[in-house]
There are 2 protein chains.
Amino acid sequence: MPNKIGKDLNKLFNPDSIAILGASRDEKKIGHIVLKNIVNSGFRGRIFPINPNTASVEGMDCYANYKDLPEIPDLAILSIPAEAAVALLEPIAKKGTKNIIVFSSGFREIGPQGAKLENSLRIVAEKYKLNILGPNCLGFVNVSANINATFSQAGSAKGNLRFISQSGALASGIFDWALAHNLGFSEFITLGNKSVLNENDILRYWQDELKKSIVPTGLSNYQPIGMYLESIDAGKEFLNLVSKISLTNPVFILKAGKSKKAQEAARSHTGSMAGDAAVQEAAFKDACVIRCEATEDMFDLARAFSWENAPKGPRVAIVSNAGGPAVISVDMLEKEGLQLASLSKKTIKRLQEKLPAAANVFNPVDVLGDALADRYAEAIDSVLSEKNVDALLIILTPQVMTEIEATADVIGKLSAKYRKPIVCSFMGGNLVDKGEEVLDHYKIPSFRFPERAVRTLARMWEWQLSRRRVGIPLAAGKGKNSAKVKLLTKNTVNKISKITKLAKNQNRDVLSIFEADKILNLCGIKTPKSAVIKNLNEAEKFAKAQGWPVVLKISSPAMIHKTDGGGVIVNIDNPVKLAAAWKKISQAAAKLPKKSGFSLHIQKQIHPGIEMILGVKYDESFGNVLMAGAGGVLAELLVDINLKLLPLDERGAKNLLAKSKVYPLLNGFRGQKAVALNKLITLMIKVGRLAQAAPWLKEITINPVIINATDAVAVDTRIILRTR
Amino acid sequence: MPNKIGKDLNKLFNPDSIAILGASRDEKKIGHIVLKNIVNSGFRGRIFPINPNTASVEGMDCYANYKDLPEIPDLAILSIPAEAAVALLEPIAKKGTKNIIVFSSGFREIGPQGAKLENSLRIVAEKYKLNILGPNCLGFVNVSANINATFSQAGSAKGNLRFISQSGALASGIFDWALAHNLGFSEFITLGNKSVLNENDILRYWQDELKKSIVPTGLSNYQPIGMYLESIDAGKEFLNLVSKISLTNPVFILKAGKSKKAQEAARSHTGSMAGDAAVQEAAFKDACVIRCEATEDMFDLARAFSWENAPKGPRVAIVSNAGGPAVISVDMLEKEGLQLASLSKKTIKRLQEKLPAAANVFNPVDVLGDALADRYAEAIDSVLSEKNVDALLIILTPQVMTEIEATADVIGKLSAKYRKPIVCSFMGGNLVDKGEEVLDHYKIPSFRFPERAVRTLARMWEWQLSRRRVGIPLAAGKGKNSAKVKLLTKNTVNKISKITKLAKNQNRDVLSIFEADKILNLCGIKTPKSAVIKNLNEAEKFAKAQGWPVVLKISSPAMIHKTDGGGVIVNIDNPVKLAAAWKKISQAAAKLPKKSGFSLHIQKQIHPGIEMILGVKYDESFGNVLMAGAGGVLAELLVDINLKLLPLDERGAKNLLAKSKVYPLLNGFRGQKAVALNKLITLMIKVGRLAQAAPWLKEITINPVIINATDAVAVDTRIILRTR
């Protein structure tokens with residue numbers, strides 16, 4: 001059934017008939033392996049090998065030509081060189097086939113010539129509305145439909161896990177690893193160059209699939225989705241799609257990042273502080289998606305979410321035959337936001353009765369080095385039946401008496417009895433391998449090192465917390481303050497546009513402080529009284545009219561950090577100081593490159609308060625992101641970067657501030673007065689509205705916003721325009 | 001040869017004859033396993049099984065009694081219950097045996113009764129000067145002497161790695177793991193309860209051994225030492241010992257920590273901020289020792305340092321058949337302080353000639369998914385011969401053409417050719433297992449996930465950096481400023497002692513501000529003029545005499561954070577403000593518990609500057625530690641804890657400040673004036689001298705020290721006395 005806004009991918013992933021172009025008798029050829037994989041996976045439809053130079057492959061008759069086929073295949077798999085593949089698309093489309101996998105490499109990834117070829121592919125796909133997976137991909141596996149349409153060497157078992165891998169190379173590793181650990185998939189789709197179909201198309205298709213699917217027994221209650229992505233094509237749509245899934249089914253993503261070098265060119269605080277990875281993290285958090293920090297996290301979570309339910313609380317019991325690793329795990333628990341469960345008197349009594357006198361019956365429970373499987377069983381049964389325990393970590397080292405496999409067996413059986421999440425760490429080499437095999441058989445996630453087990457449990461608990469916390473992400477603004485903030489009128493937006501157009505016409509992409517302040521004022525944001533001054537006389541006039549103290553500033557696109565080059569002088573509270581300051585700032589300005597177009601400003605000094613930085617930056621993938629954190633000199637000392645995708649409502653603004661390292665200050669830390677938090681929140685919402693109403697602004701940075709007991713004022717603002 | 005200050009452990013670890021008490025025919029018994037291990041390890045000396053109930057074990061005649069033995073064994077191994085073991089110590093000692101291993105558990109670890117028994121053991125050991133390993137240990141392996149005196153199930157191969165494990169349970173896991181990875185040991189010693197012999201005894205013994213040993217070929221140039229410790233008995237001596245080894249031979253330690261709960265009771269900033277783990281980290285850094293953050297680090301470094309030399313520089317090349325994992329590794333490199341090597345034109349040209357056109361010849365080098373072993377070889381040979389490359393990471397995913405074992409073979413051969421450090425990540429499951437086996441054979445460290453490989457390389461590079469940086473740790477104070485600071489005279493120390501004795505006599509362990517200031521003044525540290533005041537009148541008199549502005553303060557042992565309960569009012573610059581402040585602070589004081597014994601103070605306000613916190617705390621294991629970091633309100637916002645063991649010299653003080661997050665401020669950040677850094681350094685050295693001269697001070701916390709352009713002044717000081 002076609003998704004309303006999406007493509008109908010049903011026959012791509014559930015075909016009744018498949019044609020394989022480049023089917024080969026050579027067992028080393030991809031065209032042979034994919035055919036064999038399809039046959040071996042138990043595909044019940046019709047297979048048409050196509051190869052003009054071969055009469056038959058694997059006992060099946062070969063066709064020389066696509067148009068000669070006796071029916072219209074639902075799916076065509078192209079295992080032929082890139083140029084030939086592109087040339088064959090039109091004949092395939094003309095026959096009537098809509099779904100195509102292109103294995104071939106030699107496209108965009110090899111340079112301009114390949115990119116040109118890939119463009120041709122895209123044009124044909126658009127013309128005939130083809131669903132093309134790839135090129136440069138490994139195909140897909142749909143275990144429920146009994147089809148392995150990949151050229152992977154490893155097979156795959158049936159399970160509840162869905163996976164998207166942009167890289168076929170990594171997918172090969174995942175298949176091999178999953179098979180070794182008895183981890184089954186529901187569907188595994190590789191995307192390759194994503195010329196036509198991307199992750200959003202797959203997620204849209206899965207939205208329906210998830211509703212239909214029945215979770216196999218003996219697994220977790222979820223249908224988890226793992227992803228390895230090198231790029232996210234349409235971030236906002238992506239978040240929209242995953243956020244609909246992620247509250248019920250855990251979604252975890254490993255995103256290959258960009259090296260820092262790419263970020264060095266950023267020309268403002270917001271630009272350099274809110275790097276791509278940070279924006280992504282904020283976006284993923286909004287959508288209740290787990291971001292894998294390392295490859296291993298992805299592998300660990302795949303097993304964990306596939307096999308175990310997330311813990312219902314943070315309280316973890318530990319049962320171990322080794323004291324040291326248990327203590328290390330307790331430290332790790334606390335570090336990762338979990339808690340060591342307090343066992344009830346009843347459980348402690350039970351443990352005292354069942355375990356030897358020398359055993360530690362308090363959590364972590366030490367069953368001692370000579371524990372056989374039955375002693376592990378007593379301890380595990382006792383703590384799992386305890387209501388104060390939400391999850392269990394079992395540690396085993398292969399000591400002389402240790403019954404490794406029997407203990408694993410006991411764990412498997414008790415896991416089924418209680419259905420509380422269990423993670424294991426059998427520490428060692430070949431001896432414990434056999435125990436791990438048994439655990440894999442029972443589908444209990446095990447980790448060679450206990451810290452990994454704890455970390456995995458912590459990620460599961462975070463997801464649990466996050467899905468409880470996240471309501472409907474990206475919802476429209478609600479709350480007292482955001483209700484007060486009206487959307488910008490057309491008239492206001494026109495006025496803003498006029499200011500920026502002037503700058504554009506003058507070939508400037510950085511606005512002057514004056515222009516920036518004017519725009520903020522149009523949005524109802526307070527800025528200090530200020531004026532451009534040409535000489536000391538003008539400065540004195542301003543100070544006398546507006547009142548001391550005043551601030552002198554240089555405004556120049558060449559200065560990112562005004563305070564660096566003596567570009568700001570504060571606390572000028574009399575004419576003598578003003579004269580001295582004027583001299584100093586004129587000298588500083590004289591050092592600037594002549595062409596940079598600076599001007600000198602005087603500003604009425606704001607009553608001191610807490611300095612924050614507020615910024616909005618446009619992210620290519622996820623759109624506008626608002627940043628808030630410690631401002632002024634502290635901005636860089638604290639590295640206090642807190643992000644939220646727009647739109648921003650009152651709750652979002654509050655959450656964002658609560659994450660800031662200076663939040664205690666805002667609330668009146670150590671006997672200081674609390675500040676006008678509501679004014680700050682309103683200001684944040686207004687900045688958000690501005691960014692959304694004027695998408696031609698690339699970056700807005702207000703540093704500092706000064707917040708005191710009565711007001712929040714934008715003291716220094718830098719606005720950069722988009723150049724395209 | 002006996003170590004001058006140590007025990008002669010030579011015959012313990014290199015015995016010519018061994019008696020085994022509790023030798024058994026039962027294959028499951030520890031007394032059987034250890035005998036078999038000794039025989040199987042090729043021990044060439046004499047073995048005497050002792051068991052009154054058995055005639056022979058494994059073809060050897062059994063003795064009924066220790067005194068019946070035909071000679072005096074160099075070593076006695078006790079594999080009998082705890083009480084019997086203790087009872088037999090005296091007869092063994094009387095026969096003349098000096099070296100004993102006690103496997104038995106049932107001592108301190110089981111509670112008070114066991115502790116009593118352990119005490120008896122210690123008394124006998126002292127009486128007869130016995131070298132006892134254990135109790136509750138797994139024994140030791142000395143591969144060079146062909147003796148495996150453990151009851152471990154796994155054997156162990158010959159190598160260059162020395163290991164100390166306090167836990168026998170974890171040692172079992174390490175043995176099993178090492179065997180699976182072809183990692184060999186030189187010596188492996190388990191300590192158990194450390195009743196008699198501890199890590200320092202072993203290290204002292206090894207100091208000589210390390211000079212004698214010849215490193216086997218095909219390994220790294222080092223004789224690395226790994227340790228798993230649950231406690232460090234005499235921290236200063238330990239540091240002294242390891243720091244003599246660690247500049248030549250890498251030393252890495254996993255220390256099982258304590259959970260946070262133990263630290264909650266700390267009553268001061270310094271106490272709570274400088275936890276045990278932080279002090280340890282500072283201590284280890286001083287001694288050029290690598291602290292393992294997780295169990296896995298210990299396992300990873302064991303192989304890495306055993307097999308590969310540390311890189312000579314931070315520049316890493318990557319060769320991969322998968323693009324994504326390579327990109328992820330680049331991110332990780334930067335995060336971990338390594339660099340992506342820039343390949344020379346010559347190398348790039350060579351790669352262009354040898355690799356297919358689609359390959360990426362810039363670092364990270366992508367050999368493409370269809371790379372066979374020969375293509376890997378070309379790429380690896382090219383980058384290893386490049387002078388800009390200090391280390392190499394090789395990534396492999398098992399794709400359809402990939403020659404996994406052949407590629408591993410190629411890596412092994414090229415590794416021998418160039419001797420630059422290589423780490424590998426073969427990603428997958430059973431398919432890549434075989435490749436890893438080949439890598440293990442060649443002794444190339446491999447990791448299932450590339451981030452682990454990068455992390456390990458980074459730790460190796462850190463060690464390289466650290467041993468270049470560290471001169472002679474814990475050296476006597478040198479430098480202009482520390483030379484100026486004279487040691488405290490006996491007279492001064494007496495005066496300090498008088499002040500603290502008074503407090504002791506009054507049953508106080510927290511000094512008043514006045515007492516604390518007096519002590520600092522005695523050490524030549526400036527404090528603001530101040531006075532205790534009883535009423536507003538006295539306060540006014542003080543202010544008029546000393547000059548405005550002034551500060552009002554409550555001094556009370558009940559208030560740790562004065563600013564919390566309105567205990568500090570600053571910026572009082574006229575009599576009206578003083579009256580208001582007086583009223584406010586009196587009210588705040590009235591809220592304190594009546595018995596807490598508070599007093600009200602007035603202080604001349606110091607010219608504003610940067611606020612730092614300085615503290616000294618006494619650590620049970622490592623002695624006095626000095627802490628420096630952001631002070632005042634920032635202290636907790638920044639979490640800026642920087643530690644250095646005393647003594648502190650000028651270089652040490654400078655290094656410590658350079659680590660602080662507010663260091664940029666001290667140097668005149670963003671156009672601000674630089675502060676009197678030398679005054680601060682002198683003050684730090686003086687505080688250090690005070691702590692060393694008056695060891696009965698448990699904690700000194702100065703918060704803030706205000707540093708401005710002309711001076712550094714200790715504005716608020718809290719001194720806590722040791723209670724025992």
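In this predicted model, B:Val705 is in contact, once its neighbours within four places in sequence are set aside, with B:Met612, B:Leu614, B:Gly631, B:Leu680, B:Leu683, B:Ala712, B:Val713, B:Ala714 and B:Val715. The largest nonpolar core holds 443 residues, and within that core A:Val705 and B:Val705 touch the most other members.

**The two chains and their interface**

Chain B is superposed on chain A by a rotation of 180° with 0.0 Å of shift along its axis, the RMSD being 0.1 Å. The two copies are thus related as by a two-fold rotation axis. The same surface serves both copies, since 100% of the contact residues of chain B recur in chain A. Among the residues of chain B, B:Leu638 comes closest to the rotation axis, its C-alpha atom lying at 3.2 Å.

The contact between the chains brings together 68 residues of chain B and 68 residues of chain A. On the side of chain B that touches chain A, at least two residues each are supplied by helices including H2 (30–40), H5 (168–180), H10 (295–307), H11, H15 (430–442), H16 (450–469) and H22 (634–638) of chain B. H5(B) gives the most to this side, with 9 residues. By class, the residues on the side of chain B that touches chain A divide into 33 nonpolar, 24 polar and 11 charged.

**Two helices of chain B**

Helix H11 (residues 323–335) of chain B has 13 residues, which at 1.5 Å a residue should span 18 Å, and its end C-alpha atoms are 19 Å apart, which agrees. H11(B) is mostly covered, with 10 of its 13 residues buried; among them are B:Gly323, B:Pro325, B:Val327, B:Ile328, B:Met332 and B:Leu333. Just after H11(B), B:Gly337 takes a positive phi of about 85°.

In H2(B), the buried residues are B:Ile30, B:Gly31, B:His32, B:Val34, B:Leu35, B:Asn37 and B:Ile38. What covers these buried residues of H2(B) includes strand E1 (17–21), strand E2 (46–50), strand E5 (75–78) and strand E8 (139–142) of chain B. H2(B) is followed by B:Gly42, whose phi is also positive, near 85°.

**Domains of chain A**

The domain assignment of chain A gives domain 1 (10–261 + 268–304), domain 2 (308–469), domain 3 (475–528 + 607–724) and domain 4 (529–605). The centres of domain 1 and domain 2 of chain A, taken over C-alpha atoms, are separated by 37 Å, and the contact takes 14 residues from each of these two domains. On the side of domain 1 of chain A that touches domain 2 of chain A, the largest share, 4 residues, comes from helix H10 (residues 295–307) of chain A. By class, that side of domain 1 of chain A has 7 nonpolar, 5 polar and 2 charged residues.

**Backbone exceptions**

Most residues other than glycine have a negative phi, and most peptide bonds are trans. The table lists exceptions of both kinds.

| Residue or bond | Backbone angle |
|---|---|
| A:Leu646 to A:Pro647, cis | omega near 5° |
| B:Leu646 to B:Pro647, cis | omega about 5° |
| A:Asn136 | phi near 65° |
| B:Lys194 | phi near 55° |

A:Pro647 lies in the loop between strand E26 (642–645) and helix H23 (650–659) of chain A, and B:Pro647 is found in the loop between strand E26 (642–645) and helix H23 (650–659) of chain B. A:Asn136 is placed in the loop between strand E7 (131–133) and strand E8 (139–142) of chain A, and is buried, with 26 other C-beta atoms within 10 Å. B:Lys194, in the loop between strand E11 (184–190) and helix H6 (199–212) of chain B, is buried with 22 other C-beta atoms within 10 Å.

Conventions: Residues are numbered from 1 along each chain as its sequence is written. Chains are lettered from A and ligands numbered from 1 in the order in which they are written. This is a predicted model: local features need pLDDT of at least 70, side-chain atom pairs count only at pLDDT 80 or more; totals for chains, interfaces and linings use all residues. The expected span of a helix is 1.5 Å times one less than its number of residues. A residue is buried if 20 or more other C-beta atoms lie within 10 Å of its own, exposed if 12 or fewer, and partly exposed in between; C-beta atoms are placed from the backbone. Two residues are in contact if their C-beta atoms, placed from the backbone, lie within 7 Å. Ala, Val, Leu, Ile, Met, Phe, Trp, Tyr, Cys and Pro count as nonpolar, Asp, Glu, Lys and Arg as charged, and the others, Gly among them, as polar. Copies are superposed by least squares on the C-alpha atoms of residues with pLDDT of at least 70 in both. Domain bounds come from an automatic or database domain assignment. A nonpolar core is a set of buried Ala, Val, Leu, Ile, Met, Phe, Trp, Tyr and Cys residues joined through C-beta atoms within 7 Å.
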